[in-house]
Amino acid sequence: MICRKINQGKLRNSVRQSICRWFQSSVAPVAAPVTPVSTVCSGKKIQSELHFFGNYTTPYCSFSKSNVSFIPRGCSFSTQAALDLSTGGVIDVPLAQTGEGIAECELLKWFVQEGDQVEEFQPLCEVQSDKATIEITSRYKGKISHIVHVPGSIVKVGETLLKIAVDEIPEPTETSDASEKMTSLDSDFIGSSDISSVPEKSKIDGVSSTPAVRNLAKQYGLDINDVPGTGKDGRILKEDVTNYAMQKGLINEALACAQQKHSEVSSLIGAGYEDKTLQLRGYQRSMVKSMTLAAKIPHFYYVEEMKCDAVVELKKSFQNENSDPEIKHTFLPVLIKSLSMALTTHPMLNSRFNEESYEVILKGSHNIGIAMATPNGLVVPNIKNVQSLSILEITKELSRLQKLAKINKLSPDDISGSTITLSNIGGIGGKFGSPLINSPEVAIIGIGRIQKIAQFTEDGDVYPASIMTINIGADHRVLDGATVARFCNDWKKFVEKPDLLLLHTR
């Protein structure tokens, strides 16, 4: 038994030495583009990089070398991290995953320019997905080397947004199947000659100009680095590229003046007589997806009229007693609160339908979505937990959402999690509409404008009444007509007699 253990130990040592000798002889003749082979592949270095797991007979290691891939039994060699470090401190900053199911975003605007110094967590740009507008911040401290995309571009998740020349090169980390971190690269992995190449590359990539100017130089076949800049801090302007192209004889002066003149007046002449192709972005792209899903839902509609004289008087009373100039009382908060009261006794309308499992999930919270028309398209933020809020609290939250929607600053939480939706088309015009369900919800309510209409008493007398027409769209796979009618009757009762809300408010 003792002899067997000794022999096994000798065998292990022999295997280790053989691997090191074989690796040196295989890799040493091949030189990396920047890093000398002797720095990377010394026997001592390899010995510190090898890791053995389990019974010590199956080595696992990670190594890297340019254009070389080794996979001995139980080993994996990779040198891409070493290459990335040795070529300099320019790091690609990709578009990260901004939310579940998000595959692409629209780049709205940049907060930085090429040549700017940035700190960690400093905002770089603003992007908009189907769900929200998000600021992308920097993970590194350094200098903006190159901006890849211009505002308005559609960027896929994982694509490079910009390049940053970092002040300090971050060390790569790797994880093995044994859930242990591999040994980090030693400080002598990159020589002083490698580091000296970083500023030069940053200087080349960091020419101060916009992507549009770079594109113009590319059209003329010019190297942007050769164009003298006349802007602030040497920034290269569009005129600089045009003048340099004239000096090179690529374009004549008359053509350059004509191009400049055309760019100034193109928005004023001929624009209304030409076909245009508009790219749907942001919330509009989201509407395409949601309405495509809605078209597969069998809708049925239930139309009813509600007398809103009491609500009108209640609104006037709220406004007369209002001492906060930031608060504007409207009919909608009362309608939202009364809707929540009716949902308490009719939970099927506050549910979500899972078509695959044939399950209806009755939602405990009344997260009522409010469809809003914004300059960026239709968006449906929602007021959370309406069943626990007062009318004043609903008014404040509704005002907050409206302000954020106008400036395109709604958060992902603001526009996710709704359980039923209100579409107040009456705020713009029209008696009522036939809205489409916001899947996976099972109901949506269209509200028309309140208008004075002549009504008759039982004795035949005529009197004016404030009438609002509502149209409830329901998923007929889940809801039947009787359920929707009973719900609407209860909601109508709370709207026409809002004093009943006091009896049921908790």
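**Entry 1. Cysteines**

I looked for disulfides, taken as pairs of cysteine sulfur atoms within 2.5 Å, and the structure holds zero. The model is a predicted one: local features need pLDDT of at least 70 and side-chain atom pairs count only at pLDDT 80 or more, while totals for chains, interfaces and linings use all residues. I note for the record that residues are numbered from 1 along each chain as its sequence is written, and that side-chain values use heavy atoms, with hydrogens and water left out.

I then checked burial, where buried means under 20% relative accessible area, exposed over 50% and partly exposed in between (1.4 Å probe, protein chains only). Cys 125 is buried at 0% relative accessibility, and Cys 488 is buried with a relative accessible area of 0%.

**Entry 2. The chain as a whole**

I found 15 helices and 20 strands in the chain; these are DSSP runs numbered from the N terminus, with helices being H or I of at least four residues and strands being E of at least two. Of the 506 residues, 39% are buried. I also looked up contacts, meaning heavy atoms within 4.5 Å. Of those between residues at least 6 apart in sequence, 60% join residues at least 24 apart. The accessible surface, from the Shrake-Rupley method with a 1.4 Å probe and, for residues, only the protein chains shown as cover, comes to about 28,600 Å², and carbon and sulfur atoms hold 53% of it.

**Entry 3. Nonpolar cores**

I searched for nonpolar cores, sets of buried Ala, Val, Leu, Ile, Met, Phe, Trp, Tyr and Cys residues joined through side-chain atoms within 4.5 Å. The largest has 48 residues, and those with the most contacts inside it are Ile 336, Leu 422, Ile 445, Ile 470, Phe 487 and Trp 491. Elements that each supply at least two residues of this core include α12 (332–345), α13 (391–406), β19 (443–456), β20 (462–475) and α14. Which element gives the most to this core? It is α12, with eight residues.

A second, separate core of 22 residues includes Ile 102, Ile 134, Leu 162 and Ile 164.

Leaving aside neighbours within four places in sequence, its contacts include Leu 339, Leu 422, Ile 470, Phe 487 and Trp 491.

**Entry 4. Rings and charges**

I found one aromatic pair. The ring centres of Phe 487 and Trp 491 are 6.2 Å apart and their planes lie at 25 degrees, so the pair is stacked; rings of Phe, Tyr and Trp (its six-membered ring) pair if their centres lie within 6.5 Å, with planes under 30 degrees apart stacked, over 60 edge-to-face and the rest tilted. Both residues lie in helix α14 (residues 481–496), four residues apart, about one turn of the helix, and both are buried.

The charged end of Lys 315 sits over Phe 331, 4.7 Å from the ring centre. That of Lys 493 sits over Phe 494, 5.5 Å from the ring centre.

**Entry 5. Backbone in the loops**

I recorded a cis peptide bond from Ser 439 to Pro 440, with omega near 10 degrees. Pro 440 is in the loop between β18 and β19.

Tyr 358, in the loop between β12 (351–354) and β13 (359–362), has a positive phi near 55 degrees and is exposed at 71% relative accessibility. Asn 408, in the loop between α13 and β18, has a positive phi of about 60 degrees but is buried, with a relative accessible area of 7%.

Technical notes. Lys NZ or Arg CZ within 6 Å of the ring centre and 35° of its normal.
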